[in-house]
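Please read the report below alongside the sequence and the 3D view. It moves from a whole chain down to single residues.

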Amino acid sequence: MPSRILTARGIPRFFRSIGDGREKVLMKKKIRVVVARLGMDAHWRGSIVVARALRDAGMEVIYLGNQLPETIVATAIQEDADIVGLSTLSGNHMVLAPEVVRILREKGMGEVNVILGGAIPPDDVPKLKELGIAEIFGPGTPIKKIIEFVSGPI
Amino acid sequence: MSKLFNDNAIEEIDREKSRWKKQVYQPAEGVEKVFETLSGIPVEPLYTPAHTAEMNYLNDLGFPGQEPYVRGVHPTMYRGRTWTLRQLAGFGPPEETNKRYKFLLKEGATGINGVFDYPTLRGFDSTDPFARADAGRGGVAIDTIEDMRILFDGIPIDKISTSLVTCQPICNITVQSMYFANAQMRNIPLNKLTGTSQNDFLMETVITVAPELLPPKFSFKLSCDAIEYCTKHVPRWNPISFAGYNYRESGCSAAQEVAFVIANATACSEELIRRELSIDSFAPRLSFFLSAHSDFFEEIAKYRAARRIWVRIMKERFGAKSPRSLKLRFHVQTAGVALTAQQPLNNISRAAYHALSAVLGGAQSVHIDGYDEALCTPTDLSSLTALRTNQILQLETRVTNTIDPLGGSYFVETLTNKVEEKTLRLLDEIEGMGGIVKAVESGWIHKEISNSAYEYQQAIESGKMPIVGVNCYEMEDEELPVDLFEVPETLQIQEQKLKKIKNERDGAQVRDALGAVARCCEKDGNLMEVIVESVKAQVTQGEISHALKDSYGTWDPPLF
């Protein structure tokens, strides 16, 4: 996966570059996506499968593992990310996902779209959109739909 | 020993089958679709005695309660005692979960199956900054022994068995110690306690990785410490439940699920023998936790194959003599990953099929998922419906009438052999790497699971794997017919209790208790021996985890 994994708490301790240079986009800068699991959520399957699909679609993915909003935003800034993808099934989304949006805006990075995937009760979807989450992808979402959203106009 | 069928009969059947296939069996429009199991084993149109002609009945199948236990671990199976109805429950503060346990017991559950919240499973206190949004989510929050007291208050833990879904060794080493210490404080001797804890190092280092992981070899050590402790002091406790269910949820195939649990159990056995325990002192208490996924027959084959592999490893590799060591006993949970958020009531029928496969495969206990689990923690209604589904299976369907009713099915026996072959190949591969701990350290396991998860997803995306309501028979503008569960306020309650305890406890005792943990790490002693005492000084779970991480350091898992 041509992406990097950052796993430590606070400031990331190590980066691992595993780019295979397979897909070089010449005309246009690659879309950079920061993917993180929120808080202490335990489920990595969705985030990894999506990260891999985005990679295969030619994007650069920086995979963070479990993180808190402050670190996710710090990484998005450092990596000049175009979009931030959050994943959680634990139920912590109403607390942590809007915080990512809020801190991004505070740092003047409000143009970075934040998307969310996982087990999100339907009632929470309009509330999250209100709080600035660009799109929510629940269980059963075709990955194609996520790729289309991410590669759309930024 | 003689063959199941005589050679002439087999020849005749084969000949007639070829004729049938040519003249009678005609796939629609002459195009043969590809038929295969969920894990990719090709499936033929028809199975006959020829498929099982090479089998030796007594060696390969035998009788229930006898080697090789393929037909069941108990002589009478469900005619004697049916499977335990063990519904998973846990959420919010322990005060709330205690009420749910009492509710389920009143409604006929025959055991407790307690799950802990995300911070507790990873060894964090509810008040840790990392935990602040997850306290009480996915399970019950436990910070100190006081929480454990509240959780089991009024529940006769000397009479009913308790499963503690502690998942990770770093959680188990403290939470299980709290359970034991709490029993001692209730004047219940440890040898009266019955139950199971999960305690699986693959959960910590591969499946549900979190920030600040212990390195695999230390997580593995903690897991073995608990097994050793229980072997010596809590003889009726199953100190580990190899969590194949969770491996499967994160993407494994059926064969990977079985191979990884057995490789893990093999590694634990080797370590405990190195610690001078005899195989027959602990092996009878090693237990397994498997998934019931959507491929009905493959799952049944999986359970049967797992039993056959286990008995051979125990006998041939470890020289086990006690029949109890040779029996692979397992709890089943229906596959959460197979549930859909779309048209959630459909999940009631899905989970019922899953549970039926578990029972036809000879499970010792079964949890059926709530139909709303793709959306939220199960509500009272969905938990009750799941329990009732289990009861209908047990009381109305009469599948319990005879033992291993699918034994001898040409198809099921063939599939059992195929799953066994696939699993043995994986076990050889892991052995070649130096065992499961090495396979985790190198990231091989992570990669295997991630590849399977990706393939699974691709199969759904391409429509190769139909999922009703997701990639076929979708309904637009579907109104969700369910009330969703909301986790009760947890953080504030835990915060208040922790504050009070930290104010009132004896500081010197706490320092001594944590000092004892650090010294035990240094001299490589058995940590559970120390922690069962430490938790009585009101030391928090997070404090003990910090002491362990200070001694052992942390580990960054490889990229999937």
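## Chain B as a whole

The model is predicted. Chain B contains 22 helices and 10 strands. Its C-alpha trace spans about 85 × 60 × 45 Å along the principal axes.

A compact globule of 560 residues would have a radius of gyration near 24 Å, and chain B agrees because its own value is 24 Å. Of the 560 residues in chain B, 53% are buried. Among contacts in chain B with a separation of 6 or more, 78% are between residues 24 or more positions apart.

## Helix α19 of chain B

Helix α19(B) runs over residues 491-504, 14 residues in total. From the first C-alpha to the last it reaches 20 Å, close to the 20 Å expected at 1.5 Å a residue.

Which residues of α19(B) are buried? They are Ile493(B), Gln494(B), Lys497(B) and Leu498(B). Viewed down the axis of α19(B), the buried residues fall within an arc of 125°, so they line one face of the helix. On the face turned away from the buried side are the exposed residues Gln492(B), Gln496(B), Lys499(B), Lys500(B) and Asn503(B).

## Strands β2 and β3 of chain A

In chain A, strand β2 (residues 32-38) is joined to β3(A) by 6 bridges, and the two strands run parallel. One of the bridge partners can be named: Leu38(A) is paired with Gln67(A) in β3(A).

Strand β3(A) covers residues 60-67. Because 8 of its 8 residues are buried, β3(A) is largely enclosed by the rest of the structure.

## The largest nonpolar core

In soluble globular proteins, nonpolar side chains tend to be buried together. The largest nonpolar core here has 195 residues. Which of its members touch the most other members? They are Val34(A), Val84(A), Val100(A) and Val114(A). Helix α10 (residues 254-274) of chain B supplies the largest share of this core, 12 residues.

Leaving out residues up to four places away in sequence, Val34(A) touches Ile62(A), Leu64(A), Ile72(A), Thr75(A), Ala76(A), Glu79(A), Ala81(A) and Val84(A).

Methods:
Residues numbered from 1 in each chain as written. Chains lettered and ligands numbered in written order. Predicted model: local features only at pLDDT ≥ 70, side-chain atom pairs only at ≥ 80, totals over all residues. Helix = DSSP H or I, 4+ residues; strand = E, 2+ residues; numbered from the N terminus. Expected span 1.5 Å × (residues − 1). Buried ≥ 20, exposed ≤ 12 C-beta atoms within 10 Å, placed from the backbone. Arc of directions from axis to C-beta. Core = buried A, V, L, I, M, F, W, Y, C linked by C-beta atoms within 7 Å. Contact = placed C-beta atoms within 7 Å. Rg over C-alpha atoms; globule rule 2.2 N^0.38 Å. Pairing = 2+ DSSP bridges.
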